[in-house]
Amino acid sequence: MLFVSEISFERYFEPVFQPVSFALEAGGLLLVTGANGCGKTTLIRVLAGFLHPTSGNYTCQAPSTAYVGHQLAIKDDLSVIENLRFMRNFLGIRQRSCKAVMQRLGLDRVAGQLARTLSAGQRKRCALGRLLLTDSKLWLLDEPYANLDPEGVGLVDDIVINHLAAGGACVLATLGNHRPGWASSQEYPLISGAGEC
Amino acid sequence: MNPDTRKMKTDRPRKNPLVMFIHKLGSPPWFYGFTGKFVPWLWAVFTVLTVWGLYLGLIKAPPDYLQGEIYRIMYIHVPAAWMSMMIYVLMAGMGFIALIWRIRTMEIMAMNSAPIGAAFTLIALATGSLWGRPTWGTYWVWDARLTSELVLLFLYLGVIGLFKAMDEPRKAARAASLLALVGLVNLPIIHFSVKWWNTLHQGSSISLTGSKIDPSMLWPLLIMAVAMKFYYAANLITRSRVTLLQQDLRKSWTRDVIEDATPERIL
Amino acid sequence: MLTEQPSENIGGSMAAAFLALLRRDLLLAFRRRTELLFPVAFLLVVVSLFPLGIGPNPALLARIAPGVIWIAALLATVIALDGLFRSDFDDGTLEQFILSGHPLTLLVLAKIVAHWLVAGLPLVLLSPLLAIWMNLPMESLGVMVLTLMLGTPILSLIGSIGVGLTVGLKRGGQLLSLLVFPLYVPILIVATAAVMAASDGLPYGAFLGLLTAGLVISVTLAPFAAAAALKISLS
């Protein structure tokens with residue numbers, strides 16, 4: 001689904017990470033690990049197509065990609081349900097129920113609240129709702145566990161594993177030791193361009 | 001093939017000889033070596049032509065029967081005005097290549113063109129206004145040509161400002177190149193609208209150059225015009241070589257260049 | 001063919017995305033409706049400064065009215081434009097736009113339309129009042145409104161390119177005016193010429209035609225450039 005060969009990315013004419021190569025098949029989970037400053041976010045942004053690799057190439061056979069990063073793309077001036085409804089209508093998948101998604105995320109009690117009133121963890125959950133509203137086969141998740149309580153962490157694992165079981169693929173960048181329990185997962189320790197980490 | 005397949009490749013097609021040449025130019029060590037051979041010659045030709053042109057223009061050419069000696073400022077003003085337009089077009093053209101093929105040397109050349117072009121624009125404006133004092137009796141008239149030059153200066157300043165304001169040099173160069181392209185599309189519209197605005201509001205327009213130019217006055221002008229093109233080429237390439245070295249300071253080819261250039265006793 | 005069926009679907013979903021975005025932006029603007037008054041108030045204040053600065057001579061005011069109102073509208077537009085992509089850029093929504101598979105050009109156009117409806121249209125609606133303040137002859141008042149009606153969308157469209165380029169910068173708003181004002185020169189010239197021609201009892205249809213042509217061209221081209229600019233700003 002995603003074939004990456006010798007991708008590198010330079011910022012200020014310095015490589016951010018050592019060249020990256022991997023192949024990810026349907027049902028595969030790739031865990032990108034490494035300390036702060038290793039370029040995990042940069043790699044995910046390259047894979048998402050926001051950044052153009054300085055060298056190397058990659059092929060992505062998924063028709064579309066879903067991405068949840070540090071910036072959650074949630075509008076403070078819209079309520080939770082309005083945010084989710086916009087995501088759904090925007091992606092053109094009208095048949096999914098936003099109510100069901102909110103229940104799944106544990107947000108049904110704050111559905112009518114403006115997003116600005118949410119806690120960091122609740123906002124994260126709301127952003128993860130995007131994953132439940134999309135048809136995308138390839139998911140790129142940048143620190144999906146950040147700000148979440150243990151129950152939220154379990155929720156992320158659940159969502160990811162369901163996706164993988166349905167034939168999806170996922171690249172997940174994480175700092176911590178927590179891993180979703182999935183058999184065909186590989187770990188990619190990212191090395192910073194300077195050779196540290 | 002699946003139309004949804006998204007491919008991201010940095011390998012580029014290498015078929016067309018022109019495209020091949022552009023890609024060769026895109027390799028920093030090759031560019032550095034290639035331009036190093038002839039950049040001294042560009043400077044030399046520029047110097048010779050300038051001395052020759054200025055001699056013919058300032059000493060040999062006869063004074064104008066209407067304007068006297070003051071018309072000689074034309075030998076700076078007119079070529080500078082031509083250069084200011086030409087460099088903008090070239091800058092936008094190189095910016096276009098840089099945007100489409102992501103060639104770093106083209107980004108560098110486009111961005112190094114901007115200050116040179118802005119300088120020529122400033123020279124054209126300053127000499128134009130100095131020329132205007134004896135002919136019009138004032139330093140500034142909203143003449144169509146001067147106004148166009150002024151707007152062009154703003155366009156240059158926008159490109160330079162955007163390039164300097166962005167943090168990452170390559171991203172900044174791409175953004176400024178796009179702005180230059182947008183400016184290029186607008187430039188003819190701006191030029192003609194200003195010309196038309198001038199006739200609309202003034203009725204009669206004052207022309208800077210006389211209608212009849214004696215060949216003895218024309219030749220120095222043409223020589224100066226060519227000299228300034230050499231100046232642009234020489235200055236641009238010299239600047240671009242330095243920028244390349246600065247950007248690639250930690251790459252191996254740069255180290256070789258610096259070691260080659262450093263005399264033994266310093267090492 | 002397999003692609004036949006989805007392509008129709010994609011067209012439908014593109015329209016749906018366009019409308020969803022338009023609706024969302026209008027709703028967001030409505031939630032912050034006080035902020036919509038800032039450009040309008042700016043326009044009022046700037047125009048009212050002119051009689052104070054140069055004296056209340058009606059003939060003089062009438063003479064400079066088209067230029068003053070147009071320049072003030074231009075400044076107000078640029079001030080309002082600064083926020084066109086800002087929040088979507090800061091909160092990551094633009095990244096989601098790019099990944100959505102919808103053409104960014106179309107989404108940019110939706111945002112510009114929404115922005116003009118809430119920030120440009122009020123300026124147009126306010127212009128008769130300004131024309132009266134500036135003692136503009138009644139016969140050219142209608143032409144003034146018409147030029148603004150045709151011209152302010154062009155300002156928003158061309159401005160969106162500059163906004164796309166400066167959205168990631170800390171002081172982007174200050175740079176924006178330097179980037180876009182030179183590009184606004186032809187519009188300013190044609191629009192004010194139309195109003196002046198109307199004041200002098202001359203035909204002005206050709207000027208309005210030029211403005212319409214400008215609008216058509218900028219609707220076609222500017223969103224592409226703005227989308228490209230946004231992609232660069234995101235990288």
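Is D88(C) buried or exposed? D88(C) is buried, at 1% relative accessibility (buried means under 20% relative accessible area, exposed over 50%, partly exposed in between, with a 1.4 Å probe and protein chains only).

This is a predicted model, in which local features need pLDDT of at least 70, side-chain atom pairs count only at pLDDT 80 or more, and totals for chains, interfaces and linings use all residues. Residues are numbered from 1 along each chain as its sequence is written, chains are lettered from A and ligands numbered from 1 in the order in which they are written, and side-chain values use heavy atoms, with hydrogens and water left out.

Select D88(C) together with K111(C). Their side chains form a salt bridge of 2.6 Å, N to O (a side-chain nitrogen of Lys or Arg within 4 Å of a carboxyl oxygen of Asp or Glu). D88(C) sits in helix α4 (residues 86–90) and K111(C) in helix α6, so the pair ties together parts of chain C that are 23 residues apart in sequence (helices are DSSP runs of H or I, at least four residues; strands are runs of E, at least two; both are numbered from the N terminus). K111(C) is also buried, at 4%.

Next, select D77(A) and R32(C), which meet in a salt bridge of 2.7 Å, N to O. Each lies in a loop, D77(A) in chain A and R32(C) in chain C, so this pair joins two chains. D77(A) is buried at 12%, while R32(C) is partly exposed at 35%.
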